[in-house]
Amino acid sequence: MTTETTKLVELEISNVAHGGVMVARHEGRVVFVPDVIPGERVLAEVTDDSKSSFWRAEAVKILEPSVHRREHIWHEASISRSVGERAGGAEFGHIDLAFQRELKSRVLQDALARFAKIDQQVDVQGLPGDSGIHWRTRVKLHVDAKGRIGPYAARTHEVVPVTSLPLATVGIAELIDFDRKYAGRSISLVDPSFGEPFIVSDPLMGISELVDGMRFHLAASSFWQVHREAASAISQATIAMVDRQFFDPMAHNLDLYGGAGLLAASVLSKIDSNARIESVEYDRVSSGFATRNLERFHRASAIRDDVEHYLQGLSLSGKDLAGATVVLDPPRKGAGESVMRLLADLNPAQIIYVACDPIALARDLGLINQAGFALKELVALDLFPNTHHFEVIARLEPQR
C-alpha cells in the first residue's frame, strides 16, 4: 500500500467479481473487497491504492448487512476477526448457499458475455442434499514458526492457526490433533474412497477411488476432485453432454489432460466399451495410473505427452479428428490459444470441455468460436460450496 496512514472508506457493494471478491466504487474508482455481499454498506480499510484504476480494501465493519448474510460457517474466517487472522479457503462462507450460487451464475454469465460474446442464462446447480460442509477429501495445511497448523490467510502466505475445518470430511477433521506441534512446512491429508483418512507421508503412495462403480488407482499426490461426489458428478455430466448421434466409436476419440483416466473410462463404460480412445496426460505418475485404469478396455490407451505437442504431432502428420469426440479437462489457466486453434483445425465432431475457471473457459470458447465451433450446451455445478469456485461442462460442435 502506498498510503502512509490507514485509509477508511464507506462503500456500497454493487456486484461480484471473479476470484471471491465483491465490487464497489469510490470517487469513480473500482474497489475490490472480500467478505462482503452485493447490496451491503460497509466500512473498509484500503490495503492497496497503488493502481490508478482500482483499489483493494478489506471490510472491517458491516454497516448495513444483506439479507443473504449469515453467521460464517467457519468462525476462524469470520469478519469478526482482524483481517490478518481470517482463515482463507471459505471466502463465501458468510453467504447463504442459494445466493452463493446466484453470484457464481453472475460471474459465469459475465465472463461468457465479455470474453466469448455469448449471451446465455446459466444457473449454477448444487448437488442433491449437499449441505455445503464436510465435503473436502483433500486438505493441505501449513505450519507456522511455532509448529501450529492452519491455512494461509486469504491472499497471503501467513499461516492462520485453527482448531476446526468445517469444509473437510469428518474423517479428516477427526484425524488432526490441533494442539500438537507439527514439524516441516506443511501437511497434506487425504480421505479416499477406500481405507481410512491419512496424513500423506509418501506422495507416490497408491490409493483407490470409487466412481459410479468403477475403481480408479492413483497416487496420493495425483490430481483428483476434492469434493466427495465431484468425480461422479462431472463424469455423469460429461456423459450426458455427449451427443450420441455424433459419437463414432472407431474415430480417434481423445481425453485431453486426462489425469488418471477418469473421463476416458467414463465414456467407455457408459457409452461404448469397445470404442477407441486415447487419454493424453503430461504428468508421468498420473499417466502411468491412467494406463492401469484403462487396461480393462482393449481399445483404450494412455499417452504421456504435453497436450499441445500431441496435437501438433497429429496436425503435422496430416491426420485429423474427423468424427471424433474430444473431452478435455485443462488446468485452471485453461487450454489456451494454441490448443484451441489446433483442436479447431483438427475438426472433431464434438468437444466436451470441463472447466474449473469461468474466465479461462470463456476465453477458450471465444477463441474456438472464431475458428468455427459453436457452444451447444452448458451446465454449471457448485462442487465447491462456501468458496467462489465451481465447475462448468460445455459441449461445442463445428458450425454445420
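**Exercise 1.** Is glutamate 209 buried or exposed, and at what relative accessibility?

*Solution.* Keep in mind that we're working with a predicted model. Start with the cut-off: buried means under 20% relative accessible area. Glutamate 209 comes out at 3%, so it counts as buried. Next, check its salt-bridge partner, arginine 138, with the closest N and O atoms 2.8 Å apart. Arginine 138 sits in strand β7 (residues 138–143) and glutamate 209 in strand β11 (residues 206–211), so the pair ties together parts that are 71 residues apart in sequence. Finally, run arginine 138 through the cut-off as well: at 10% relative accessibility, arginine 138 counts as buried.

**Exercise 2.** Work out which parts of the chain the salt bridge between lysine 7 and aspartate 49 ties together, and how each residue is classed by accessibility.

*Solution.* First, the contact: the two side chains meet at 3.6 Å, N to O. Then place the ends. Lysine 7 belongs to the segment before β1, while aspartate 49 is in the loop between β4 (41–48) and β5 (54–64), so the bridge links parts 42 residues apart in sequence. Last, the accessibility: lysine 7, at 25%, counts as partly exposed, whereas aspartate 49, at 12%, counts as buried.

**Exercise 3.** Find the salt-bridge partner of arginine 101 and say what the pair ties together.

*Solution.* The partner is aspartate 382, and the closest N and O atoms are 2.7 Å apart. Arginine 101 lies in helix α1 and aspartate 382 in strand β18 (residues 373–382), so this pair joins parts 281 residues apart in sequence. Both arginine 101 and aspartate 382 are buried.

Now zoom out: the search of the whole structure turns up 17 salt bridges. Some share partners, and in that way Asp243, Glu377, Arg395 and Glu397 are joined into one network.

**Exercise 4.** Describe the second largest pocket: what is its volume, which elements line it, and what classes of residue are there?

*Solution.* Begin with the volume, about 230 Å³. Then go to the lining, which includes Asn15, His18, Phe32, Arg106, Asp110, Arg114 and Ile359. The largest share, four residues, comes from α1. To finish, sort by class: the lining has six nonpolar, two polar and three charged residues.

Key
Residues are numbered from 1 along each chain as its sequence is written. This is a predicted model: local features need pLDDT of at least 70, side-chain atom pairs count only at pLDDT 80 or more; totals for chains, interfaces and linings use all residues. Side-chain values use heavy atoms; hydrogens and water are left out. On a 1 Å grid over the protein atoms alone, a cavity is a set of points where a 1.4 Å probe fits but cannot get out, and a pocket is an open set with protein on both sides within 12 Å along at least five of seven lines; lining residues have an atom within 4 Å of a point. Grid points are joined across faces, edges and corners, and a volume is the space filled by probe spheres set on the points. Helices (H or I, at least four residues) and strands (E, at least two) are DSSP runs, numbered from the N terminus. Ala, Val, Leu, Ile, Met, Phe, Trp, Tyr, Cys and Pro count as nonpolar, Asp, Glu, Lys and Arg as charged, and the others, Gly among them, as polar. A salt bridge is a side-chain nitrogen of Lys or Arg within 4 Å of a carboxyl oxygen of Asp or Glu. Buried means under 20% relative accessible area, exposed over 50%, partly exposed in between (1.4 Å probe, protein chains only).
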